[in-house]
Amino acid sequence: MRHDYWDRYSRIDSPVHRQPAAIKAAFALVMILITVIPPHPPIFIFAGVAALLLALIAASRIPVLFFLKRLLFFEPFILTVAALALFQPGGFPKFLTLVVKSTLSLVTVILLSNTTPFHELLRVLRRVHVPSVFVTMMALMYRYIFVLADETQRMRRARQSRTFGKRREGTWVFLSRIVGQLFLRSTERAERIYAAMSARGWK
Amino acid sequence: MLAVEVKNLGFRYEDRHVALRDITLAIGEGESVGLIGPNGAGKSTFLLHLNGILPEDAKSEAAVWIHGVPVIKPNLPRIRRDVGLLFQDPEDQLFCPTVFEDVAFGPRQFGLGEKDVEGLVREALAKVDLQGFERRSPHHLSSGEKQRVCLAGLLACRPRILALDEPTRGLDPRGKRLLKTLLRTIEATKIIATHDLELVAELCTRAVVMDEGTIAADGPALTILADEVLMLKHGLEKPHILRHSHPH
Amino acid sequence: MHIPDGFLDPKTLVAASALSVAGLGRALWVLRTRMSSRKVPLMGLAAAFLFVAQMINFPVVGGTSGHLLGAVLVSVLLGPSEAILVMSVVLIAQAFLFADGGVLALGANVFNMGIAAVLGGYFFYRLVAAVVRTEYGKLVGAAFGAWASTVLASICCTGELAWSGTVAWSVGFPAMTGIHMLIGIGEALITALVLTAVYRARPSLMSAKDGGTAEPSAKPFAGLLIYGGLITLGLVLFVLPFASKWPDGLEKIAAVVGFDAKAVSPPFVSSPLADYRVPGVGSLSAATALAGIIGAVLVFTVSFILARALHRKSSEDGAGRRRRPGSRI
């Protein structure tokens, strides 16, 4: 898998990218709070937030197509769950409110994650005294997601290469074995990482 | 004082496989030792004993001394500063989100101020010719670059001994050349476990042959490497560089 | 089942977040007392593993595919407290990196999938494994627990949506929870298959408690009490008002919790309207609940048969390869 899959634009340069991570995170939080907390915000709040987000997107130099793709990924899910809200008195306005709120929040988060490298967000977490175990876990997770994804792909290809004709076992068994192997390799890798960390003085 | 002293070191894995038998060895300050032998000889296992990663249950009686300090649990923090161990797979060793943070990992354990840490990191990255790589993330680097970042991470702690496990594995010829040039410039006692016999011929003054957990031969690198009978006996061979006369 | 932002109202967010923080705090505390630093890389990598594993498409009919949630899988392999932390880390990362699940809604998503799913699923796993005293008892327990974890998470999710007034319980329960009773089957199957694959390669893990990485805690009952209390509180807040027959039970709960039910808007919409009726059974919700109970029995039976078949097959294939710890040379 491509290494820069999700936050591929988090390291480009733009006026937005240059802002400190803490500011961006706080700003995103405020945006989401304004959008989500009031039960029936007047339209101008939504419009204001949307306008602000659009301006930031433009300033961030992230391709709009990318935003749309990420958005389209989750809209169906949002629409489906929001559709359930229709089955009650006042359902339609509620439905609309839900869709607008969640879409605006979604865009905010996509913007944040693509203008801030993940490790800077982690640093913010450390500063607000999130337990160190947690942050270390997140850092290690982020570091090795791509490594494990590559390993998974290699395992798939290796198995596929040795499968002639229709597989005897089903696809689910095939995939589950890969997942099982991945787990074991991950634990073994964790041991090696622990050795490397200890070798450099970590306790 | 000897850099590394090993007396009657033995080690057996949980499944009863004996990896090291009665190893006794002394390495002087500034020496450059190539540790060679077939797969399964115990080279990696041996290296892991130099900074106390093995044995996992640290015993009270030491079999290894680093600059006179016994490798036992209470001494491990300072030993690990003194011995920089480069593992086989850089992927496992580069565990921080950015190059800077990874190289800074070691120095930060010393309780230094951020300014001092930054200085050490820049110095180390300069030594491995990776200036400007501070903000890069590890998974975007080539294997050679990953290798060098790992090395920088060790150098930032200013170890007096460098133990390297298969440093040229997976490197393309250019990467190997760069690494060799780099290793030549680093002043430290070097112990290099490797299959790359050319590397040993070019970089090491002494070669130690390990086979089945014991030391089979120990002497000047070129002498050992040129001894075809000995090489073949232990699953090795005479490196090309010694077969023909090279202008090097 | 990742709830996006905007679907839950403030009081639900606060309540769910409080429960999540309590659960995470407890998990951290448990691990601090019996964790060596060695576990941190293990859990970090387990989180990376889970993240990647959750992305794998398990094709179902047509173009749809199912995905692993992994709450019970991880709790069986690493232990429940570890699983709570691992799941939470994955959920948080998904919220920020993927925008999968809202940021404010993390409190709810962590509670549903990181705590309720883990603890509920693990509870059933241990229960069933203790009851089915055969070699493959663990597999049966894990499969059933995995199904239960999915259903439990969706129940909490539905409850939160109902308490927020977003989706009526009588609509949400049949729709969301009903669907997840089916999805849970996939979870059970995948969990069983993956565990079988793991145990085949590392037979020692099968007999060890919690994958051999958990050490017995000094006060198991304290843990049981605290975790059990958290789940119960969550169910009381999010589910009980809707599942109970007495609509004014909601007011009682609200009074206990301190909210004046009438002052909070939008109004709770659980009872009068939109309660669809199924002939012969009554309301759709009741039908779903009944289906759930039948489903549970069915899943248990299928899990039993499946586990036995898997166990038999892997025993026939011979003992797994033995791997020496740390023996790379």
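Modeller: One term to begin with: two residues are in contact if their C-beta atoms, placed from the backbone, lie within 7 Å. This is a predicted model, where local features need pLDDT of at least 70, side-chain atom pairs count only at pLDDT 80 or more, and totals for chains, interfaces and linings use all residues. Residues are numbered from 1 along each chain as its sequence is written, and chains are lettered from A and ligands numbered from 1 in the order in which they are written.

Biologist: How many residues of chain A are in contact with chain C?

Modeller: 60 residues of chain A, and they meet 56 residues of chain C.

Biologist: Which element gives the most to that side of chain A?

Modeller: α7(A), with 20 residues. Other elements that give two or more residues there include α1 (21-36) and α3 (64-84) of chain A. Helices here are DSSP runs (H or I, at least four residues), and strands are runs of E of at least two, numbered from the N terminus.

Biologist: How many of the residues on that side are nonpolar, polar and charged?

Modeller: The side of chain A that touches chain C has 41 nonpolar, 12 polar and seven charged residues. Ala, Val, Leu, Ile, Met, Phe, Trp, Tyr, Cys and Pro count as nonpolar, Asp, Glu, Lys and Arg as charged, and the others, Gly among them, as polar.

Biologist: New topic. How many helices and strands does chain A have?

Modeller: Seven helices and zero strands.

Biologist: And what does chain A span along its principal axes?

Modeller: The C-alpha trace spans about 60 × 50 × 30 Å.
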